[in-house]
Amino acid sequence: MPKNSKVVKRELDDDVTESVKDLLSNEDSADDAFKTSELIVDSPEEKDTDVEEGSEVEDERPAWNSKLQYILAQVGFSVGLGNVWRFPYLCQKNGGGAYLLPYLILLMVIGIPLFFLELSVGQRIRRGSIGVWNYISPKLGGIGFASCVVCYFVALYYNVIIGWSLFYFSQSFQQPLPWDQCPLVKNASHTFVEPECEQSSATTYYWYREALNISSSISESGGLNWKMTICLLAAWIMVCLAMIKGIQSSGKIIYFSSLFPYVVLICFLIRAFLLNGSVDGIRHMFTPKLEIMLEPKVWREAATQVFFALGLGFGGVIAFSSYNKRDNNCHFDAVLVSFINFFTSVLATLVVFAVLGFKANQTPFRKRTLKCPRKLLKCPEKLLRIAVQGTGLAFIAFTEAMTHFPASPFWSVMFFLMLVNLGLGSMFGTIEGIVTPIVDTFKVRKEILTVICCLLAFCIGLIFVQRSGNYFVTMFDDYSATLPLLIVVILENIAVCFVYGIDKFMEDLKDMLGFAPSRYYYYMWKYISPLMLLSLLIASVVNMGLSPPGYNAWIEDKASEEFLSYPTWGLVVCVSLVVFAILPVPVVFIVRRFNLIDDSSGNLASVTYKRGRVLKEPVNLEGDDTSLIHGKISSEMPSPNFGKNIYRKQSGSPTLDTAPNGRYGIGYLMADIMPDMPESDL
């Protein structure tokens, strides 16, 4: 030992003793447990210890009441409106039962591995999307912010659809249903059927004129539709009240919102099988057109549906899994939720095809739509080939079929209540994907943030309840999520496999689960999934470039839809949606790469504290005992400033990030300064 080591040690003893006195003088009476706790400094060999296992936050973080509640939350988030009106449309369009095969293959290649990846990182790091990617690599922290932006864009228009469902639900308590017949117009001389309705259909007229009161183009605002404005307000109030306490409040509602849609779908399936013509619809569904499977478009659309059906990239999956116990078997959860999602889509498709088969055999509908005599048996087959999706399926085709059901108001109430619950389940996960990362990162009160988030979303969402609002919903649906989410998930895959390290991640999984995951996931994450995602991104960009940007406008005089291109300002909005959603990724990377902002608050990556236990990443300190953090003696080292932050970044030394549990971080600094100091001297 160098000759001056004892002098340096004595001076350092005095400094450390004074620092401890200062620290303890600032402690409140509730910190007795900390004062009597044992200080343990982990060795470098323990660097892979889960930071959350040693985190004070672990005790404070909410947790699911049961495994069932968690599974239902994940199912409610992943099973949404797309399972009811998007999957049946793709199945109808892309070869019936033949479409199920590419979908199932891509679910195994893309869906389950990436879903498992998000569940794993959320459960291990126990933070929302921002905290997770900050922990893995601060330069990639923008991934979490991008997820939050996309979640917010989607929440803005997704809740509008819940508002539409609430409107139809409120109008279903009538006999006959208000969209059963075309309205009559009276003048001084005679009474006649509304021309717009007569040229289309009663359900189409009710949707476009009575419900939306839609304008003829996106440039014609037409003012607010007050009926839909009230419904949108009601939808946001429901979401806000359910989410105001996080999973502690939404968890109680999840049991109903997640299970009720299955009750309705099963009831509809049984009822539809008893209707005339339902077998035609089921037969059409299971008649595979194998030649269509060879078309690249089918695989692209199947991959896109797998991607969005599981809610990948939104942050909701990560947020929900962050409330799990560390040793939860998230691999089982990933497989279970993925297949529940798949079978739900198949169940919904059976219901839709059975109802459309019944509808296709209704004489008035066949005569109006195809102008064919009843003796031509192929008319239902032709009608079933007319692909209908989205609002056209839910608010036009399905509502028309229900008017022919016995006790049609009952089935209408059940159907739209199911849509409301499906929408709410997805909204819970979407809002959780926004609120949880911000609360974890900026330590704001969840109740206040949730109220502000919902209130601001309602104000912005007023653009969707104008008379032209339906066109804005189409715009946001087409451009705000598809490309940004693909980029986000690609970056997630790269961050885990090539930045954090796939081998280290597999070891983490083994430590967390208690068993080694199959090597199948190793090859999927490292090779197959990135290539598939890049191919899907390129295909989506090409498809978007080849498809003229526009929307289907309802022309009142013609009583039909007509494709219109977006005006110049509309194109600017479309591009802005994509740019703003992905902008956080390069911005955060540049800020962190060039240290444009001094990160004095630090992040989760370095240190956490719990019950006197300090966990830290190893710092490569050069020299022997006399170096005292890269050659600095105690007189040269700035003492901790307890009034602001107890962590100080030492010049010329590796970055020492602060712990989220700020004031207890002194244990980390003292341990680095005095590696050989006995606890009694403290």
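Tutor: C459 is partly exposed, its relative accessible area being 44%; buried stands for under 20%, exposed for over 50%, and partly exposed for what lies in between, with a 1.4 Å probe and protein chains only. C231, at 11%, counts as buried. The model is predicted, so local features need pLDDT of at least 70 and side-chain atom pairs pLDDT 80 or more, while totals for chains, interfaces and linings use all residues. Residues are numbered from 1 along each chain as its sequence is written, and side-chain values use heavy atoms, without hydrogens or water.

Now the links themselves. The whole structure holds 1 disulfide, that is, a pair of cysteine sulfur atoms within 2.5 Å. Its partners are C182 and C197, with 1.9 Å between their sulfur atoms. The torsion about their S-S bond is about -80°, which means that the disulfide is left-handed. C182 sits in the loop between α9 and β2 (184-186) and C197 in helix α10 (residues 195-199), so the bond ties together parts 15 residues apart in sequence. Helices (H or I, at least four residues) and strands (E, at least two) are DSSP runs numbered from the N terminus.

Salt bridges come next; the term needs a side-chain nitrogen of Lys or Arg within 4 Å of a carboxyl oxygen of Asp or Glu. There are 12 in the whole structure. One of them joins D508 to R124, at 3.4 Å from N to O. D508 belongs to helix α24 (residues 482-513) and R124 to helix α7 (residues 100-125), so this pair ties together parts 384 residues apart in sequence. Both D508 and R124 are buried.

Another salt bridge, also listed at 3.4 Å from N to O, pairs K245 with E447. K245 is in the loop between α12 (226-243) and α13 (247-273), and E447 is in helix α22 (residues 446-460), so the parts tied together are 202 residues apart in sequence. K245 is partly exposed at 43% relative accessibility, and E447 is partly exposed at 22%.

E562 and K558 bring their closest N and O atoms to 2.9 Å in a further salt bridge; E562 is partly exposed at 30%. E196, R209 and E556 are linked in a network of salt bridges.

As for the nonpolar side chains, the largest nonpolar core has 184 residues, and W133, I136, W236 and W525 have the most contacts inside it. Its largest share, 18 residues, comes from helix α9 (residues 142-170). Such a core is a set of buried Ala, Val, Leu, Ile, Met, Phe, Trp, Tyr and Cys residues joined through side-chain atoms within 4.5 Å. Beyond four places in sequence, W525 is in contact (heavy atoms within 4.5 Å) with residues including P113, F116, C497, M506 and P530.

For the chain as a whole, 56% of the 682 residues are buried, and the secondary structure comes to 28 helices and 7 strands. Of the contacts with a separation of 6 or more, 80% are between residues 24 or more positions apart.
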